[in-house]
Amino acid sequence: MRSNRNPLTTAEAVRLLPKAELHLHLEGSISLTTLIELADKHQVALPSKLHAEAVLEYRDLDEFIEVSMFAFQVMLNSEDFTRVTFEMLSHCAEHGARHVEFFFSPSSHKHLVYSQMLEAICIGMRLAEERFGVTSLIIPSHNRMLGAEAGIDFMKLVETCPAPEVVGVGLEFAERNYPPELYLALFATAKKTGLRLTAHAGEDGPAAYVETCLKRLSCDRIDHGYHVIDDSDLMAYCKDQGVWFTCCPTTTKHTTVWRELTSSEHAIHQMIAAGLNVTINTDDPGFFQTDLTKEYLALGLPLGALAQLALNSLDASWMPEPEKARLRGLWQAEIDDIIQRHQPR
Ligand SMILES: [Zn+2]
């Protein structure tokens, strides 16, 4: 590989690390600028909190959900879905993402049918791949606040409209009052359909929810999962089974009890120290005003450890295994070069 020998600062090195983004909500990726433009276009009134220069803070997960719901009110037609998808993937690629697996919440949108949304999203994915070389897959996700019955309807939509871009299903939104066992039927159907399975658990819900997702819902991955650290037996099980966790540092500052990202007491550091399989992701980069570079840097880890987290993201992805094996060698060579060029200041 041809090497550019310019020295790299830590931030530049981290930005260049090849990464896969595995926990990102399409609707939460929308930038404030785009949110405001779409609100103007569709004449939707936004709360005064959401203005172009806003620095957004949230008390907890419930307040975050309340604010982020405005994304659903401004993404109304196919053009909006294509635009938001393309912008999301462009932002990911700018921060080193080579591959993105993203959620979207079909049941939370009321203006288009599932197939129309899917088609518009796929156009954005193809445009981004042509322009930036970033590949992507979709994880339609059930808004658990709509309940178990709606989960069955959600799964019918996904089943009746199969697409090669749809790799799995997820479970998202407020966690505590909506335990995972409510969605057993949804996940059983998804598994039969051959889809991969993931669920938000252990963000502000207990370790038992993580356990249910793994042992009863048969999840392949856990989104967040922080409360796993409250149960040492479950920690041992996750280590033994090689369970992948898609963690999101900045989110924890707003929605969990762990708000000091560089503290060894933070759940993500405890998970890494215990040998769990952790990946780093952005969750809702628009509403949390973040990007992959910021998320990797936020933990205060040395570049070597961050490079390992980047490789983890490839291993945790749902790309076909032969493709992952092919990319691993290429990513490792790039990482070696980046580490050689790194000159911390
Ligand atoms: Zn999430």
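## The sheet

Two strands pair if DSSP finds at least two bridges between them. Helices (H or I, at least four residues) and strands (E, at least two) are DSSP runs, numbered from the N terminus. This is a predicted model, where local features need pLDDT of at least 70, side-chain atom pairs count only at pLDDT 80 or more, and totals for chains, interfaces and linings use all residues. Residues are numbered from 1 along each chain as its sequence is written, and side-chain values use heavy atoms, leaving out hydrogens and water.

Val100 stands opposite Ser136 in β3. Strand β2 (residues 97–104) pairs with β3 in the parallel sense over 6 bridges. Both belong to an open sheet of 8 strands with parallel pairing, in the order β1-β2-β3-β4-β5-β6-β7-β8. At its edges stand β1 (19–21) and β8 (277–280), each with a single partner strand, so one side of each has no neighbour in the sheet.

## Ser141

Ser141 is found in strand β3 (residues 135–143). Is Ser141 buried or exposed? With a relative accessible area of 0%, Ser141 is buried (under 20%; exposed is over 50%, partly exposed in between, with a 1.4 Å probe and protein chains only).

The side chains of Ser141 and Glu172 are joined by a polar contact of 3.4 Å. Such a contact is a pair of N or O atoms within 3.5 Å; within protein, one must be able to donate a hydrogen and the other to accept it, and residues adjacent in sequence count only if both atoms are side-chain atoms.

## Asp153

Asp153 lies in helix α7 (residues 148–160) and, at 46% relative accessibility, is partly exposed.
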